[in-house]
Amino acid sequence: MSGQGASAAEGRPKRRLGRNSVIALPYAWLLLFFLLPFAFVLKISLAEADIAIPPYTALLDWIDNTTVAIQLTFAKYQLLLEDRLYLAAYLNSVKIAAIATGLCLLIGFPIALFIVSRPVHARIFWLAVVMLPFWTSLLLRVYAWVGILQSNGLLNTLLLDLGLIHQPLVLLHTDLAVYIGIVYSYLPFMVLPLYAALEKLDATLLEASADLGARPAVTFATVTLPLALPGVIAGCLLVFVPAVGEFVIPALLGAPDTLMIGRVLWDEFFANRDWPMASAVAIVMLVALVAPVMVFRARETRKADGA
Amino acid sequence: MLRTGRFVSIMAVAGLLFLYIPILLMMVLSFNASRLVSVWGGFSLKWYGELFANDQLLGAAWLSVKVAAVSATLTVVLGTLAGYVLTRFGPFRGRAMMAGMVTAPLVMPEVITGLSLLLLFVAMEDFIGWPQGRSPTTIIIAHATFCMAYVTIIVQSRLAQMDGVLEEAAQDLGARPWRAFVDVTLPMLAPALVSGWLLAFTLSFDDLVIASFVSGPGSSTLPMVIFSKVRLGVSPDVNALATLLIGFVGACVFIYSWRVGRRARQRDA
Amino acid sequence: MSSAIETQPVGTAGGADAAPFVRIEGITKRFGAIVAVNRIDLDIQRSELFCLLGGSGSGKSTLLRMLAGFEQPSEGRILIDGQDMTGVPAYERPVNMMFQSYALFPHMSVSDNVAYGLRRGGVPRAEIRKRVADMLDMVKMGDYAQRRPHQLSGGQRQRVALARALVKQPKLLLLDEPLGALDKKLREETQFELMKIQAQLGTTFIVVTHDQDEAMTLASRMGVMRDGRLVQVGGPRDLYEFPADRYVAQFIGAVNLFDGVLIEDEPGHARMRCEEAGCVIHVGHGVTGTLGQTVHLAIRPEKINLAHDRPAQDENVTPGTIDEVAYLGNLSVYQVRLDTGRLIHVTLPNLDRHEGNVFEIGNRVYCSWGPASAVVLPA
């Protein structure tokens, strides 16, 4: 289908102009507000923090009309390597996000299967049930867990009343709470692509598998799962990537020492007003997390197009 | 239709309970006369009263609505253009780069988007004197940029399903490309644009992290105010606010899905 | 056109003196490294119903899209009614198209669909209403004017698409597989209706189809395309009886192909010795070749006769055994294993219900044909 408009627009300069301006508007927006900012992040990550507005030193210093002194410093990157805190925060973020993604997959898969097994007209209802929390504020949903998990919260009260425990458990401000928060918040992002993949699955394939003698569990492992794999990958990416950089959930549910990289960046910026350090953290995150994911996605897309 | 066993149903119901119990508890607590979550002090609407007396929250909510509405509209315009260009214009120089830039915000941590846009705004102010300080305008620009990815994807997938032949038919009957877009493409895209707008509105209305970076003093959005409140612990008027928001959104979602479901059932019949 | 077609004994239809209405000059279309259409020259006369016949990937649809203005040729040019169409976009061409999928606008009623082109052309409202109503009446869809496309059957949609494409009174109507989406029965009825409408309006039609029966029925003249080239142009009869090469012979109808060695070549007849057929083949037309040259021969299955006893002729007769029989009602298809080992197809009409001239599997038979039945292929 592509290329039709293109070829029809070849030739006349007037039509070329119309076509080019339609391309130019979103393109210019993305260049200015998406790509260009990273240049500034990189630039400022190479500066020193300063007590000024804005709080960093200039890279270029005009000594006189002809001479420019360039002051680059890799001090922030050196600090990133030397101070264990940053490395620990990176690793911890990846670990928490990976475990939470796995949990999302375990909980999300049955939900997606369940929805697909409903009659077609009922699926949209069940999909709405799953997606409804997504349409409400993430912040408020995370906050709901504060009331449940705090030491005099609902869960502790319930457990004490039932006599299962005698001392309130420390639940809030723990890693466990962060896991709960991430799984809870990102579950819809896992279910949706899983549903999309399973919906395309031809039910006769499962019947064929059963007909050829496979028990349900075997059919699941040999037919359903492989065919749902694109959905699994998409869902895992949608959960894992934002979870690594998550700020709200560790800030509200995590312990003060629950190190996650998004929170570290936030604190460098807002609490320490160290813009160069925050920028350096961002650059490392871009290189170590975002770039690999984008390369992976590009490869997946190309594979899908080739197939 | 896929058939599944009882195990799947039990797991699914458990998963859905997990999704809904916290929300329901929060709604119940919003009617609790007691400030403590573990004590039921009787039914009361006093937190709703407090909520509507809280000018700071209401002001922030109003600002968030305005920011979300404007940025969602801007997003839909930009996202439609980008989606149309990517699906219908065929190859052009820089297409791959555009496709990459459009979807990259989907995998971009919010803290990075927020920080990078703030640094851009600071640098722009330095060079061209605009934008002067941070304001609702900078929040709108930032939100439109990160929501654009979602709308572009919605528009792209709708256009991909849609037969390009319809636009050709319009051109064949004498419609210039722009006219064909208005007469044929836009009406077919309308449902996708509505859901794109709603999605962009929701994302903008929800956003805490990016807004915190790019908003100026005096332009605190609702999530920013809520965050500063709940950081200090449970705050019952926030429960009331959450109940109202969830109730509103829930009603919208269910009316919508009920109508779509009814249409699907009529088609089946 | 290539010299192969000039050797045809029957001239092409359409007056050669009239200026062509559509002139396609040296058109080539490349998509990257792929040559979809390869140097095609073709003239089409006013009021002709021309069919472009070819398999998928033959370039016929690309040629049609270039006529409509959706693709620009890489080389060459198209003239319609003397006007050069190079650089003229689809929406400014005096050409309308009926799309294979019909491409009816789903959000518009039938009458709005038909009126769409007139509205773009700035036709006054009252005239639009009248012309839409007239056109819908002509395609017998007057009662459905307010329906939406999804409320119509396939055949009804096809009529609306036709009405929409014709209502602007285009100089040239392009039809992309116009009957492809209809079931067999409806297709046959619609074919004749389409021809009636074309004759009534006198519009020049170019039909693209992969269905040879459809092309044979509809076309006043047709062109066979293969690998981006126009292999042969002519009337349906020319193409069937005098195919330009083995591809055309096989593409249009069933055929038995043989290789033979030319042993006699006179202006009025020629003889070939054919090992595969197991006999000397006599054709009633001259061949411009040299003696001893190998030539390709085509014999249509319906032109071969079967007999239990040897007919009284020396040439064009060869013995064999019935290998397979398929009874199709109006005719029967026989597979005959010649004594040379070669398998050929023979079709015979089932003229009466008696069993007298029925051949069964295993029967010894003689296959024979007349001098006007076999044809030597130029390539």
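Chain B holds 11 helices and 0 strands, where helices (H or I, at least four residues) and strands (E, at least two) are DSSP runs numbered from the N terminus. The model is predicted, so that local features need pLDDT of at least 70 and side-chain atom pairs count only at pLDDT 80 or more, while totals for chains, interfaces and linings use all residues. Residues are numbered from 1 along each chain as its sequence is written, and chains are lettered from A and ligands numbered from 1 in the order in which they are written.

**Exercise 1.** Describe the extent and burial of chain B.

*Solution.* Start with the C-alpha trace of chain B, which spans about 70 × 65 × 30 Å along its principal axes. Next, take burial: 49% of the 269 residues of chain B count as buried, a residue being buried if 20 or more other C-beta atoms, placed from the backbone, lie within 10 Å of its own.

**Exercise 2.** Characterise the packing of α3(B) against α8(B).

*Solution.* Two packed helices are described by the angle between their axes and the distance between the axes. Helix α3 (residues 55-88) of chain B and helix α8 (residues 177-206) of chain B pack at an angle of about 135 degrees, their axes being 8 Å apart; axes are lines fitted to C-alpha atoms over the stretch in contact, and angles run from 0 to 180 degrees between N-to-C directions. The pair α3(B) and α8(B) is therefore oblique, since angles under 35 degrees count as roughly parallel, over 145 as roughly antiparallel, 65 to 115 as roughly perpendicular and the rest as oblique. Residues in contact (C-beta atoms within 7 Å, placed from the backbone) include B:Ala68 and B:Ala72 of α3(B) and B:Trp197 and B:Phe201 of α8(B). By class, this contact has 10 nonpolar, 7 polar and no charged residues, with Ala, Val, Leu, Ile, Met, Phe, Trp, Tyr, Cys and Pro counted as nonpolar, Asp, Glu, Lys and Arg as charged, and the others, Gly among them, as polar.

**Exercise 3.** Examine residues 218-244 of chain A.

*Solution.* An unreviewed UniProt entry places the feature "transmembrane region" at several spans of chain A, including residues 218-244; such annotations may be inferred rather than shown by experiment, feature names are shortened, and positions follow the numbering used here. In the model, residues 218-244 of chain A are 100% helix and 0% strand, with end C-alpha atoms 34 Å apart.

How values were computed:
Contact = placed C-beta atoms within 7 Å. Buried ≥ 20, exposed ≤ 12 C-beta atoms within 10 Å, placed from the backbone.
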